[in-house]
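Student: I have some questions about how the terms are applied to this model. Could we take them one by one?

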Amino acid sequence: MTTEESPSPTQTPVLCDFCGRTTAEAGPMIEGRALIPASSGRPITHICANCVGACESLFEQHQRNHAELEEMPTPRELVAHLDRYIIGQDRVKKALAVAVVNHYKRVLGGPIDDPELEGIEVSKSNVLLIGPTGCGKTALAQALARRLHVPFAIGDATTLTEAGYVGEDVENLILKLVMAADYQIPAAEKGIIYIDEIDKIGKTSQNVSITRDVSGEGVQQALLKLLEGTIANVPPQGGRKHPEQQYLQVNTSNILFICGGTFVGLEEIVGKRLGRKMIGFGRGDEGARSLDREIERNELVAQVTPEHLERYGMIPELIGRLPIIASLNQLSEEDLARILTEPRDALTRQYEVLFRYDDARLKFDERAIREIARRAKARGTGARALRSIVESLMLDIMYDLPERPPGQTYTITEEVVRGERSLFDAEGA
């Protein structure tokens, strides 16, 4: 193989055998000997740089579509990956890992060499995650998709309405996945969709006889076929459907749906069914009672059954299409402290990177970490509170840092977190 330079004016122009452009238009060509007889008159072929680039893009896209899922990790390997990004929730990680591996065995598995098992179809097992805000439901789904290298999309159930009403059709969830797959339908059909706030579409008894529940039970009904598996007609540009529009047809049979919701008050329903009327009383101080309520809440939600979800407002047909139910615990102060330091992309490490850009080093002492975790716990919004607190803490610091002398090491102390001392005046700065 050689590179053919531009010919002299007396030579015959060299043409790219793919696009037909000359060397004057496309630049140097790659020359190769064709595996065809010379008698055909075309023993030599040429390809320009533009066509080479187009071929590389096609091969890369093909690899993304067909080679990403050839090696499926074991559940143990998936849990090990999740441990790098998510603190705690060990039982949920195990349940989610087993569910995902079984799903992709079903998608990728070939025929089984056993006549007795031939023709048996494995049903799809979508997942329902129940847990308080900020406990890691969305992060779990995102971490799974990163490890599996499959298209991933997040949708919010609160924006969905029945067809014909103001809002989004449920097919827009599929469109987000198709867009994440660069409009490659085969790749999208093996992806993962996370539907957040699924509890907010529970049917309400107050409006059964007053008006149509267009964002509650109606949306649950519309989701049934998507979750079970159907050929969805997806508007390529989003928005509402109309008769003259062209649609993308997507088979949802192999798309894994992971739904998440806080289900506020669900523990009360479970408690009543179990004969437990009061939650979190029996100790003296408020902190102890709060801890009691938290522990009891975790214990009750761990015992959720489809019957409890039905009483909450989810229709039985939807519950049946979410056979795997996993409950996440509220994060303790210890969990929040670990989240600040242990994950691969922990918030403290992110700020260490930002300080390095200004030729400085940053450290957080243990008491500072504990103080941030304590403040986040008091806010009651889980891990989300950590970023809010740290961003507020670091605002003035990051504003002044570029003007500080390079090569310094700065330590965030408990006093800095409380606002009793400036970082640049603290000991060790």
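Tutor: Start with residue classes: Ala, Val, Leu, Ile, Met, Phe, Trp, Tyr, Cys and Pro count as nonpolar, Asp, Glu, Lys and Arg as charged, and the others, Gly among them, as polar. By that rule the lining of the largest pocket divides into 15 nonpolar, eight polar and eight charged residues. The model is predicted, so local features need pLDDT of at least 70 and side-chain atom pairs count only at 80 or more, while totals for chains, interfaces and linings use all residues. Residues are numbered from 1 along each chain as its sequence is written, and side-chain values use heavy atoms, with hydrogens and water left out.

Student: What makes a space a pocket or a cavity?

Tutor: On a 1 Å grid over the protein atoms alone, a cavity is a set of points where a 1.4 Å probe fits but cannot get out; a pocket is an open set with protein on both sides within 12 Å along at least five of seven lines, and lining residues have an atom within 4 Å of a point. Points join across faces, edges and corners, and the volume is the space filled by probe spheres set on them. The largest pocket has a volume of about 770 Å³. It is lined by 31 residues, and G136, A139, I339, A383 and R384 are the closest to its centre.

Student: Which element gives the largest share of that lining?

Tutor: Helix α5 does, with five residues. Among the elements that supply at least two residues are α5 (137-148), β6 (192-196) and α16 (384-400). Helices (H or I, at least four residues) and strands (E, at least two) are DSSP runs, numbered from the N terminus; the protein has 17 helices and twelve strands.

Student: What is known of the second largest pocket?

Tutor: The second largest pocket holds about 490 Å³. Of its 21 lining residues, P132, E294, R297, Q330 and G380 are closest to the centre. Two or more residues each come from α9 (266-273), α10 (286-301) and α15 (366-379), and α10 gives the most, four. The lining has seven nonpolar, eight polar and six charged residues.

Student: How many cavities of 30 Å³ or more are there?

Tutor: The count comes to one. The largest cavity has about 40 Å³ of space, and its lining is L128, I198, F263, L309, M314, L318, I319 and L322. By class, that makes eight nonpolar, no polar and no charged residues.

Student: Why is K225 called exposed?

Tutor: Exposed means over 50% relative accessible area, buried under 20%, and partly exposed in between (1.4 Å probe, protein chains only). K225 has 51% relative accessibility, so K225 counts as exposed. K225 lies in α8 (residues 217-228). Of the 429 residues of the protein, 42% count as buried.

Student: What does K225 touch, apart from residues up to four places away in sequence?

Tutor: K225 touches T230 and T252, where contact means heavy atoms within 4.5 Å. K225 and T252 are 27 residues apart in sequence, and their C-alpha atoms are 8.6 Å apart.

Student: Which residues have pLDDT under 50?

Tutor: Residues 205-212 do, and the model has three contacts for them beyond four places in sequence. pLDDT is the predictor's confidence in each residue, from 0 to 100. Where it is low, the predicted coordinates should not be read in detail. The protein averages a pLDDT of 81, and 80% of the residues score at least 70.
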